[in-house]
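This briefing is for a reader who is meeting the structure for the first time. Please look over the sequence and the model before going on to the notes.

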Amino acid sequence: MAVHPRRASRRTPLSSPFPAQVRGPVSAPGAGLVRFNSLPAEHARTALLHCCGSARWAQRVADHRPYPDAASLLAAADEAAYDMSQGDLTEALARESSAELGHGAPYAALVALDAARAEYERTFGHAFVVCLDGHPPEEQISQLLAAIRRRMGHEIDEERSVAADELRMVARSRLLHLLGRLAGSPRRGSDPDDGLPSADFGLFAPVG
């Protein structure tokens, strides 16, 4: 990432701010879902918390395993997201970091984005969450800045509702990425229920 002014982090994010929020959906191989279904409960919850920071959301999605297909998993994730209480939403948003630009973004855009994020966080008290699936990389700068500026005009309750839906879509994208990573990770040992330890879920490690 280009060198640019950064504010001191106020929290330790569970996820990579920009890549995890805006990456396009990847295929969900059957092997990845099989691995997810067989993870020990603790490891499944840990992985799910990297997709959405609500403990109740992660518990619900983990408890409904096994899933017959990726569509069923995404439907359960959506249902759990729609059922989140205001407290669950607050918990999830507190674990997020505002979306950032990827490596090589112009310096001026990085400065503008930092200023816009800071204003948003001062106004609403939580990170700016957005899902930009489907937008090519060259459009992400303008889309991010435009989204922040547009949503700055919302009342607090309206923006919480918008942020909740963006978080739901981000969680879907992260779930598909999780399945893809699980499909490509070799099992350890011969136990069919052998799952990846939480340390192996570095799917959304902080960047920059």
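Which side chain meets that of Asp-114 in a salt bridge? The partner is Arg-117, with N and O 2.4 Å apart.

**Overall fold**
- The protein chain has nine helices and zero strands.
- Read from the N terminus, its elements follow the order α-α-α-α-α-α-α-α-α.
- Of the 208 residues in the protein chain, 48% are buried.

**Salt bridges within and between helices**
- The count of salt bridges comes to 10.
- In general, side chains of opposite charge can pair when their charged atoms come close.
- Asp-114 and Arg-117 both belong to helix H7 (residues 107-124), where they sit three residues apart, or about one turn of the helix.
- Both Asp-114 and Arg-117 are buried.
- Another salt bridge joins the side chains of Asp-78 and Arg-172, at 2.6 Å from N to O.
- Asp-78 is in helix H5 (residues 70-82) and Arg-172 is in helix H9 (residues 156-183), so this pair ties together parts that lie 94 residues apart in sequence.
- Asp-78 counts as buried because its relative accessible area is 13%, under the 20% cut-off.
- Arg-172 has a relative accessibility of 27% and therefore counts as partly exposed.
- The Asp-78 and Arg-172 pair is part of a network of salt bridges that also links Asp-165 and Arg-168.
- Glu-159 and Arg-151 form a further salt bridge, and their closest N and O atoms are 2.7 Å apart.
- Glu-159 is buried, with a relative accessible area of 0%, and Arg-151 is buried as well, at 3% relative accessibility.

**Cysteines**
- How many disulfides does a search of the whole structure find? The search finds zero.
- Cys-51 is in no disulfide, and the nearest cysteine sulfur, which belongs to Cys-52, is 8.5 Å away.
- Cys-51 is buried, at 0% relative accessibility.
- Cys-131 is also buried, with a relative accessible area of 14%.

**Confidence in the model**
- The average pLDDT of the protein chain is 79, and 72% of the residues score at least 70.
- Which element of the protein chain has the lowest mean pLDDT, and which has the highest? The lowest is helix H1 (residues 17-22), with a mean of 40, and the highest is helix H4 (residues 55-63), with a mean of 98.
- Over residues 1-29 the pLDDT stays under 50, and the model has 91 contacts beyond four places in sequence for this stretch.
- The pLDDT is also below 50 over residues 189-195, a stretch with 11 contacts in the model beyond near neighbours in sequence.
- Where pLDDT is low, the predicted coordinates should not be read in detail.

Technical notes:
Residues are numbered from 1 along each chain as its sequence is written. This is a predicted model: local features need pLDDT of at least 70, side-chain atom pairs count only at pLDDT 80 or more; totals for chains, interfaces and linings use all residues. Side-chain values use heavy atoms; hydrogens and water are left out. A salt bridge is a side-chain nitrogen of Lys or Arg within 4 Å of a carboxyl oxygen of Asp or Glu. Helices (H or I, at least four residues) and strands (E, at least two) are DSSP runs, numbered from the N terminus. Buried means under 20% relative accessible area, exposed over 50%, partly exposed in between (1.4 Å probe, protein chains only). A disulfide is a pair of cysteine sulfur atoms within 2.5 Å. pLDDT is the predictor's confidence in each residue, from 0 to 100. Contact means heavy atoms within 4.5 Å.
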